[in-house]
There are 2 protein chains.
Amino acid sequence: MSKEMETGKMGARALARRAKEASFALAALPGDVRRRALKAVAKALKDREQEIKAANERDLEAARRDGLQAPALKRLQFDAAKLRDVCLGLEALAEMEDPVGREQMRTELAEGLVLSRVACPIGVIGVIFESRPDALVQIGGLCIRTGNAVLLKGGREALFTNRALFDALYAAGVQAGLPEGFAGLLTTREDVGEMLGLDADIDLLIPRGSGAFVRYIMDNSRIPVLGHSDGICHLYIDAACDAQMAARVVVDAKTQYPAACNAVETLLAHRDARDALLAAAAALRDAGVRLKGDARAQALLVPEGIACEAADEEDWKTEYLGNVLSIRVVDSLEEAIAHINRYGSHHTDGILTDDDAAAACFAARVDSAGVYRNCSTRFADGYRYGFGAEVGISTGKIHARGPVGIEGLCSYKYILTGHGDIVEDFAKGRRAFTHTKLRG
Amino acid sequence: MSKEMETGKMGARALARRAKEASFALAALPGDVRRRALKAVAKALKDREQEIKAANERDLEAARRDGLQAPALKRLQFDAAKLRDVCLGLEALAEMEDPVGREQMRTELAEGLVLSRVACPIGVIGVIFESRPDALVQIGGLCIRTGNAVLLKGGREALFTNRALFDALYAAGVQAGLPEGFAGLLTTREDVGEMLGLDADIDLLIPRGSGAFVRYIMDNSRIPVLGHSDGICHLYIDAACDAQMAARVVVDAKTQYPAACNAVETLLAHRDARDALLAAAAALRDAGVRLKGDARAQALLVPEGIACEAADEEDWKTEYLGNVLSIRVVDSLEEAIAHINRYGSHHTDGILTDDDAAAACFAARVDSAGVYRNCSTRFADGYRYGFGAEVGISTGKIHARGPVGIEGLCSYKYILTGHGDIVEDFAKGRRAFTHTKLRG
């Protein structure tokens, strides 16, 4: 039995221990080995296309039998186009500048005593992701690029596809010089529970999935968690706003992919933005969106023949994940900002305005990872941001915020190099700090 | 009763709520207001020197009555020299480049659609610190500089001094234009317990103090925690190492301030570094350090007349916080690295060597915030690193690592500016991403 198959049989604890050991070796590998490993994984995936396709067929059959809906089936499907895309992604990662070892700053603390800050891997990353097999390759690739060991737990619907992809990735990686244990595949729900307690070996958890699931992870582990539990995004139509632009952007933000975390849930409108709100509401109605509004929104829309149910406090806290939108009329920009900071999930919020001062105030005061002007919230995504890929989107403010790509998977260390330097010399005034900035 | 006095009477929950509200206003303040506030605080402290001195006398009297030891009394004392130092520190912070609003990257995602990443405050920081009143001013100053609201809880021995310092800082800050509630003083143990549950309003906790205390905080709050629970630092004497240099650096790292987290606890020595180990051990003995060693260390030292008790597994996990040091002889650099990664606290660890390859391997493989060569571990400190001040030292790898200064108190946000751009145009192939890097 091949090594890579065995990993499927180890428990989370043993895999995490192995991954931690591997992480020390990974951190010291020349960048070229990681680059070659990425190319080797791409090649292995292409070589094993038939095997992967058969595994995916098996998952798809079971999913159809279980009555999975069309969008979920589409995400689960791993066809030739998806294989091509993930391989292109791996090759793009291989060509990127090596993030590990990049010097971020350099200071001469005193004569002959030089401090350098250098990017390094975080260590062991645990990623729990939905039933989308392409995510396994993307996440695995990002971790190889950044020198992190990774534990991968995908959705159970994708079990056979994930196994086939993982086996190809693992075997090719090890053959290209990555240490045994650099990646591990977890397959059961029990594995997830066990992971939460492995804070000695896992440095970071990135859970993707429902809000309740992510909150559960955050509440039940000492391991730092990066991610978002909710995506309650807003658009605010300011007093000075072109009506056609508002309609166009609001419809895209709501309907382009309503189940996404960056879809808009609540539309705020200044009381003087009547025309823009009417245009947006009519366009939403035409796009099949169910509208809910506060009393002022209803008073504006209903007489114009636009159906609008009553919204209440609960609506402001709801991520509909579908074609429903709540609307609230506000008296001022300040009231809109206060609403967003109170009810939002600090993910992505936008202002639609021609007024530069209002846009600047919105950007400074809205406490969200993304603050947008005159564009759809749906742009909040690592690929669209030009990061190549993302492991997730963080709504926390510690470490990485927003879409998390290569930079968010790196930490740094301080390297201090001297010639027998001691603190006592400085404490006694025999030597003095110079703190000369040499870089950064 | 003045506003600033009232804050001393509010509970943690109310103070945190106020601080959160203030944080939104703080984030949008012009940098010049923060600069003026720092200068105003320095002036207020000098103006209130007599009042502060009287408060400190009261704390010192009580501490002497309670039998506090000399080093603790020295930390508690807030004399004219300390007042001068903290005021110089505030003025230096005032002159620093404003970190808030600094653009970190800028990318044109597509024609007319520009993404910018800009540094911003984290929000509300809760800092729990020891009975060292100068820390209150340093932490308060760092938070003003970075636009963060702050909740300050100092050691109870410094209660009256902290109140006097806080009142001066708060009144001067508000008068200079900072929003009401930008800082809050907590005074009771119950306040700390209450803080742990305020994850809706507090964005980051920075506890300083004993390992057990910091671990308790980490285990009992959903709020992200920055800090370190232990400081088990190592020095490793490599085979190729000058004996006099080793003796000099080891003595400094152990004795310059043995209670500090960056003092060395375990000395590792290559089996071929006999002369350097003997020189270091003799110097340690002469400096009054009690030595504990494994069998090989004892076999080397005892025949040379250097007393060395037996060390066991527990010693490798112990932060002595005093003049005790454990010694272990290893067969290789790899064994030293494995020992450090296994027993260390990922704080600061050094290698003493003339061998560049060994130093490079040590720097890459040791998983610590600071990896040093040929210098004392005692340099791990924000002031010595040239950060002006520090709020603490982090041994975590998420967000800031090592001494945390201004940069670690900042987050960032993505600002996306368009002209009605929608994702559907890209999904349908009507437009294409350019991802042109404009900056960073």
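This briefing covers one strand inside chain A and the interface between chains A and B. The model is a predicted one. Chain B has 72 residues in contact with 72 residues of chain A. Within chain A, strand β11 is largely enclosed by the rest of the structure, because six of its seven residues are buried.

**Strand β11 of chain A**
- Strand β11 spans residues 324–330 of chain A.
- Strand β8 (residues 264–270) of chain A runs parallel to β11(A), and five bridges join the two.
- In the pairing with β11(A), A:Ala269 has A:Val329 as its bridge partner.
- Strand β9 (residues 290–293) of chain A also pairs with β11(A) in the parallel sense, over four bridges.
- A:Leu325 in β11(A) stands opposite A:Leu291.

**Area between the chains**
- The size of an interface is often given as the accessible area lost when the parts come together.
- Between chain B and chain A, about 6,300 Å² is buried, and carbon and sulfur atoms give 58% of this area.
- B:Ile398, B:Tyr414 and B:Val423 supply 11% of the area that chain B buries against chain A, more than any other three residues.

**Polar and charged links between the chains**
- Eight salt bridges are counted between chain B and chain A.
- One of the salt bridges is formed by A:Arg248 and B:Asp425, whose closest N and O atoms are 2.8 Å apart.
- There are 53 residue pairs in polar contact between the two chains.
- The side of chain B that touches chain A has 36 nonpolar, 16 polar and 20 charged residues.

**Strand pairing across the interface**
- Strand β13 (residues 370–375) of chain A pairs with β16(B) in the parallel sense over five bridges.
- B:Tyr414 in β16(B) stands opposite A:Gly370.

Conventions:
Residues numbered from 1 in each chain as written. Chains lettered and ligands numbered in written order. Predicted model: local features only at pLDDT ≥ 70, side-chain atom pairs only at ≥ 80, totals over all residues. Heavy atoms only, no water. Buried < 20%, exposed > 50% of the residue type's maximum accessible area, 1.4 Å probe, protein only. Pairing = 2+ DSSP bridges. Contact = heavy atoms within 4.5 Å. Buried area = accessible area lost by both parts, 1.4 Å probe. Salt bridge = Lys/Arg side-chain N within 4 Å of Asp/Glu carboxyl O. Polar contact = N/O pair within 3.5 Å; in protein donor to acceptor, adjacent residues only side chain to side chain. Nonpolar A, V, L, I, M, F, W, Y, C, P; charged D, E, K, R; others polar.
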